[in-house]
Amino acid sequence: MKKTITTILLALVVMTGWAQTKVNIKGIAANDAETIFLFNQIDMGQPVDSTRVNNGKWSYKAEQPVGRSMLCIVADIKRIQSPQDLLNNMVAVMVDETPTEVDLTAGTVKGSKTSMAMNEAVRGLYSCMIKNSKEEAYKVMHKAVMENLDSEIPVHFVPMITEGLSAGDLQQIFDAHPNY
C-alpha cells in the first residue's frame, strides 16, 4: 500500500512538472500605453494576467497552467473603443518556450512558427469579423489549420469550421491529431 501511494505521488510530481510551460515575451506598445493585458483565448473574457508598460516597452515571464495553449495580448483595454481599435492593439501567441517578441503597434509577432501563424490567423479572423465576412473567416481558419497540422492551432479552429471540411481535410487532421 505504501509503495502504491509513493508511486502515485511520484507520477503526479512528474506530470505536474510537464504540465506548466514558461513563456518569455517582450514587446513594444504605444508610448502612452500603461498596461498590457493577457487573455486565455480568442474570446477575451477576463484577463488572466497583466504587465506594466514603461516607455513603450514591456515584458512578461510566467509559467502557464495546464490547458492554456494560447494568449491574446492587448494594450490598454481603455484604448479599445471599436473593433478596429482592438485589431490595432492586439496580437495572439501560442504558449511555448520559444522567446517571443511582440510589436503591438504593428500587430506583429516574432517567435515560434506556431505563434507567428496563430497571430496571422487571429488577426485575419478579427479583420473578417469587422468586415462581417463569414466566407473569408472560414478561409482564414481553414488555411491556419491545414498549414499548421503539426501544432496546436487546429485545436482552436477545427470546432468552428468542422461542417465545411472535406473528408480529405478531416483525414489529414485526424492523422496529425489522433486524439480528436
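Analyst: Happy to! Helices here are DSSP runs of H or I with at least four residues, and strands are runs of E with at least two. By that rule, the protein has 6 helices and 8 strands. Please keep in mind that this is a predicted model.

User: Why is I73 called buried?

Analyst: The cut-off for buried is under 20% relative accessible area. I73 has 0%, so it counts as buried. Across the protein, 43% of the 180 residues fall into the buried class.

User: Which residues does I73 touch, beyond those up to four places away in sequence?

Analyst: A contact requires heavy atoms within 4.5 Å. Among the residues that I73 touches are I25, F37, W58, M90, V102 and L104. Take V102: it sits 29 residues from I73 along the chain, while their C-alpha atoms are 9.0 Å apart. For the protein, 55% of the contacts with a separation of 6 or more involve residues 24 or more positions apart.

User: How do you know that β1 and β4 pair?

Analyst: Pairing takes at least two bridges found by DSSP between the strands. Strand β1, residues 21-28, is joined to β4 by 8 bridges, so the two qualify, and they run antiparallel. K26 stands opposite S59 in β4.

User: Why are β4 and β8 called edge strands?

Analyst: The open sheet has 4 strands in the order β4-β1-β7-β8, with mixed pairing. β4 (57-64) and β8 (108-110) each pair on one side only, which makes them the edges. From one strand to the next, the twist averages 20 degrees.

User: What makes a group of residues a nonpolar core, and which members touch the most others in the largest one?

Analyst: The members must be buried nonpolar residues joined through side-chain atoms within 4.5 Å. The largest such core has 29 residues, and M118, V122, V145 and F157 touch the most other members. Helix α3 gives the largest share, 7 residues. M118 touches residues including M70, A92 and F157, leaving aside those up to four places away in sequence. Apart from this core lies another, of 19 residues, with I73, W58, L71 and L104 among them.

Terms used: Residues numbered from 1 in each chain as written. Predicted model: local features only at pLDDT ≥ 70, side-chain atom pairs only at ≥ 80, totals over all residues. Heavy atoms only, no water. Buried < 20%, exposed > 50% of the residue type's maximum accessible area, 1.4 Å probe, protein only. Axes fitted to C-alpha atoms, helices over the stretch in contact; angles between N-to-C directions.
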